[in-house]
Amino acid sequence: MADKKEKLFYQQKNAYDLISEEERKACYDYCEGYKEFLDNCKTERIGVKYTVALAENAGFKPYVPGMDFKVGDRLYYNSRGKAVILAVIGTRPLGDGINISAAHIDSPRLDLKSVPLYEDSELAFFKTHYYGGIKKYQWVAIPLELYGTVVLKDGSTVDVSIGAGPDDPQFVITDLLPHLSADQMKKTLTEAFTGEGLNILIASRPDKETEGSDRVKMTVMTILNEKYGIIEEDFLSAEFEAVPAYNARDLGLDRSMIGAYGHDDRSCAYAGLTALMETESPEKTAVCILADKEEIGSEGVTGMKSQGFEWFIGALCEKKGVRLEDCFANSFCLSADVCNAFDPNYPEVSEKRNNAKINYGTALMKFTGSRGKSGSSDASAETIGKLRTLFEKEGVIWQMAELGKVDQGGGGTVAMFMAQRNIETVDSGVPVLSMHAPYEIVSKIDCYMTYKAIKALYNS
Ligand code: MN
Ligand code: MN
């Protein structure tokens, strides 16, 4: 009977029961590099900088319009310092299609408003406007660090980074003490924690030389002016992002998990990037996208709805006399993005048989979206089948996943924007616990299997 079950039933296995000790070690080693990536890529801007440095080290060169290229060449297109597309040129013509991994490097966070600085009760604060889907109560009473890019009146740019250095000061949004929270505790979470309430405490020391009001605000401007040459008006042409001020750490007695800010979607970004850097001369040109703006719907010039992708791949095609449309029609894309992992603390929102599980490998999602699969590209049986065969051949441990129960909620990725381009696309990525929280959790083995999955595609 056991044989018959083995033969006819689908039985999922924990990845730890399937891999060798040697591969487990390789997986944990891989995650050391991933943790370093996390610590250096807390915003899309510094993520691009770090990625470009890694890529150049691995022989990638910036794409220059009109340049010629040959098999094995390694190119990248840096889109305005906020998104990057990297390519390794394959032996087959571009008209045969390219293999793409599309991840994003923006994460939910708190952006400063354009006129952020104010003083109240002799404390200075920054007003914020949250970016992406956050649960606001998670962002109070945790340490924050600040990254900014300021364009001064003369057109020059100043980069600001405060909080990441070992001796740097950090910032926080205050919360109410439980002793006085009788009214707050009666409110719903959305009422108790509002967007306008997420004001970051910046300083408390009054400026001695200033009289009257706004003496603490003056302390802030004095320090910013001395250190960065900034005046208050410069905030108008600036972007500041506040992100959690802690680094990635192993989680669990067995060190099997990683806790960090921004696994969504740096776990897949790093997987794609590493797989590409290790790809020498693939048959089909291998492309790794690290996109911006996914968390706000892939809008904007650096998001995946942007023609920036066509601009780069189209230019490569044109140089070789290939129609971009033909290239896309024969291409394949792994929309490399995270999904939720089944959480036994909240079993009510998931359907156990179809939810991704920690340590069960990279998760393929045939569709995302919400309600009746609305807002999803819904990959075909053939598309999933192609990956099933490939993953079997390459020893990639994978699982099928659905984001929670039907009608419980939903989400989207860049998949539908890739499919709109006539590119066969399916979602594949790392299951995450506490997704979109300032401290997310992934399993090392799932991160590694996502990297292995993308590598298998590049080498297919
Ligand atoms: Mn994502
Ligand atoms: Mn997300």
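Helices (H or I, at least four residues) and strands (E, at least two) are DSSP runs, numbered from the N terminus, and two strands pair if DSSP finds at least two bridges between them. This is a predicted model, in which local features need pLDDT of at least 70, side-chain atom pairs count only at pLDDT 80 or more, and totals for chains, interfaces and linings use all residues. Residues are numbered from 1 along each chain as its sequence is written, chains are lettered from A and ligands numbered from 1 in the order in which they are written, and side-chain values use heavy atoms, with hydrogens and water left out.

**View 1. An open sheet of nine strands.** The strand order is β1-β2-β3-β13-β4-β14-β20-β16-β18, and the pairing is mixed. At the edges are β1 (61-62) and β18 (398-400), each of which pairs on one side only. Strands β4 (residues 98-104) and β13 (residues 285-291) run parallel and are joined by seven bridges. Within this pair, A286 in β13 is opposite N99.

**View 2. Domain 1 and domain 2 in contact.** An automatic or database domain assignment supplies the bounds: domain 1 covers 11-102 + 261-458, and domain 2 covers 109-244. Their C-alpha centres are 33 Å apart. Contact (heavy atoms within 4.5 Å) involves 16 residues from domain 1 and 15 residues from domain 2. The two domains bury about 1,300 Å² between them, 50% of it on carbon and sulfur atoms; buried area is the accessible area (1.4 Å probe) that two parts lose on being put together, summed over both.

**View 3. The salt bridge between R109 and E44.** A salt bridge is a side-chain nitrogen of Lys or Arg within 4 Å of a carboxyl oxygen of Asp or Glu. In the pair R109 and E44, the closest N and O atoms are 3.2 Å apart. Between domain 1 and domain 2 there are five salt bridges.

**View 4. Y50 and its surroundings.** Y50 belongs to helix α3 (residues 44-57). Apart from neighbours within four places in sequence, Y50 contacts E36, F37, N40 and C41. Of these residues, N40 is 10 residues from Y50 in sequence, and their C-alpha atoms are 6.7 Å apart in space.

**View 5. Backbone geometry at D264, D265 and E122.** Most residues other than glycine have a negative phi, and most peptide bonds are trans. D264 and D265 are joined by a cis peptide bond, with omega about 15°. D265 lies in helix α7 (residues 263-277). E122 is not a glycine, yet has a positive phi of about 60°. This residue, E122, is in the loop between β5 (109-120) and β6 (123-131).
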